[in-house]
Amino acid sequence: MASQIMNGIDSSEKVAILDAGAQYGKVIDRRVRELSVDTDFLPLNTRAAELKQKQYKAIVISGGPNSVYSEDALAYDPEIFNCKIPLLGICYGMQMINQELGGTVKKAEGREDGQFKVTVETTCPLFKGLGKEQTVLLTHGDSVDTVANGFAIVARSGTTVAAIANQKLGIYGVQFHPEVDLTENGITMLKNFLYDVAKCKGTFGLQCRKELCVKYIRETVGNHKVLMLVSGGVDSTVCAALLRCALKEDQVIALHIDNGFMRQKESQKVEESLKKLGLKLQVVNASHTFYNATTMASGERSSIRAQKQKTKMLCQATDPEEKRKIIGDTFMNVANEIITEMNLNPEDVFLGQGTLRPDLIESASELASHKADAIKTHHNDTDLVRELRKQGRVVEPLKDFHKDEVRSIGRNLDLPDELVQRHPFPGPGLAIRVICAEEPYMEKDFAETGIILRIIVDFENAIKKPSTLLSKVKNGTSKEEQDQLMEISLSAELTATLLPIKTVGVQGDCRTYSYVAGLSSDKKPDWQQLSFLAQLIPRICMNVNRVVLIFGERVKEQVIDVTPTFLSQRVLATLRSADNIANHVLLDSGHITKISQMPIILVPVHFDRDPLSHQPSCQRSVIIRPFITSDFMTGIAAVPGKHIAEEVVNKMVHEIKTAVPGISRVMYDLTSKPPGTTEWE
């Protein structure tokens, strides 16, 4: 079918992937196919009889955002565990196995979100050929309590059960995610399951991605015209090049809409680079339209059928979802105006988009998963775009691919390396890199969370005064971790400051919108210790999804208000200047190829004000977010001294502070994905 472009050479063996709503469900699908085994991506409630009738070689149950013990737990056919087909449960899938077969699952004392060391039983077929200690991605708040009868614990993360197995039944469960890059030997584990447990032969072969895309475009578009929205990023550039390759020249209308949220001279650079590719690009400056735009949106994310209401104007909006929806719908409205000006019938023109699989997954599109939680609405997956899809008027040749695959297609199209390797820049641009706020975010848990943070960074003194909150920290940490906290307390002299703002994260396959924890010290940063704390803090404080280092001297005063911040020209100019400085330093240093993306974020936080002076909050602070990933589904913060030179980071900080007016402090984001997303909104 034209809509299914991830087809390969015919195969007589297939694996069924049952979708429980995981952010990484389609990554499982990709990894299995890359291991030469074909897949079908099916709903979790697929009947066992159907799985047997179609003679699947194995079943994989994905992770998901729900709890297996909750009243709204997803429905499934319990007979899937009795149909004698080898089965692997991942995260939620493992908990399903354990509960269905007689074990118990409960909410854990603390979360695990990020890379952790687990100890595995190397005699288990899943871990054949691997060492006893493995680095894996864990992201969960529930854990196995008592293990099901007949199952052995074959991996542990401290005292937490990390994998179970019943070799007689051919049923295995892992709490971690072997499908993602952050599980360092995950591909080997999947291969062991497919070939040693399920006895797959590996007869499936992926076709050339470029050829599949070209075929899909021609079958989808026919003789119609395509309006291709080009941002200048690798996704839209590769998509435009594919359209040019697949269609006649007069069928492709390439359009770059300057929404007013571009980087410094970005639109000019986009136009120049695409002209070199032979693309006739029309550039439209619609910044005024975007600043004053509104749309219709539901007020509550949790209420799917909530009545839609008119939003605030974009220049007055503070909610990140509202900002994204306004921008996405305004792109569509401007595009339709262009079509009308060209005397074309909108019904006869397809919309071309460089949509990737992660965009659809994070937006909870039904094209990716029927059960996934919406992490953020991508501008290319708003309600207006979804309506066009239903009408069959959207062409998205990259929608089954991840970023690294798109770059591979770009190379096959002979695109210049400077375009293929370019850092991603989001469609909404700088609009989602300004944390807008009218008032501080300080819920009832603000004070208590601040105390817990202080206990963590000053553990040596905190243990001298037993308390309920100290017990919470102890219960959420191992003996080794407590020893490390003691060492940090004695050497680093850190101060922890809970910031009265919130950012978007992804924890346990769910969207979170939570606090930011800031760390500061008068001493030189110990990046290894800071990275440890960045992993530990969100695990203990489940209402924190991001940890930053605050450069400069130790923060002495708690920040309890914010600088009112909206998408004004002045605010955008401040961020544009800081972004330009940081990226020029990175480029000049030669480190740009070592970093996958480096968002620069402006936050409404003004430090260093004596509360007795009643000085109003009028300055803002800048966040530097160097990030390393291949597929943008998971990733890690670039660690200074390891992934990026400390002097490069220090130069960014110094130049931003000295050259950009109105900046209070510069901070460095230490957070992996999960628990934080790549962008802050």
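Modeller: The side chains of D669 and R625 meet in a salt bridge, 3.3 Å from N to O. That term means a side-chain nitrogen of Lys or Arg within 4 Å of a carboxyl oxygen of Asp or Glu. The pair links distant parts of the chain, 44 residues apart: D669 is in strand β26 and R625 in the loop between β23 and β24. Strands here are DSSP runs of E, at least two residues, and helices are runs of H or I, at least four, numbered from the N terminus.

Biologist: Is D669 buried or exposed?

Modeller: D669 counts as buried because its relative accessibility is 0%. R625 is buried too, with a relative accessible area of 0%. Buried means under 20% relative accessible area, exposed over 50%, partly exposed in between (1.4 Å probe, protein chains only).

Biologist: And what about E249 and K280?

Modeller: Both E249 and K280 are exposed. Their side chains form a salt bridge at 3.3 Å, N to O.

Biologist: How many salt bridges are there by this rule?

Modeller: The count comes to 31.

Biologist: What should I know about the model itself?

Modeller: It's predicted, so local features need pLDDT of at least 70 and side-chain atom pairs 80 or more, while totals for chains, interfaces and linings use all residues. Residues are numbered from 1 along each chain as its sequence is written, and side-chain values use heavy atoms, leaving out hydrogens and water.

Biologist: New topic: which residues are buried in helix α12?

Modeller: K403, E405, V406, R407, I409 and G410. Just after α12, D414 takes a positive phi of about 65°.
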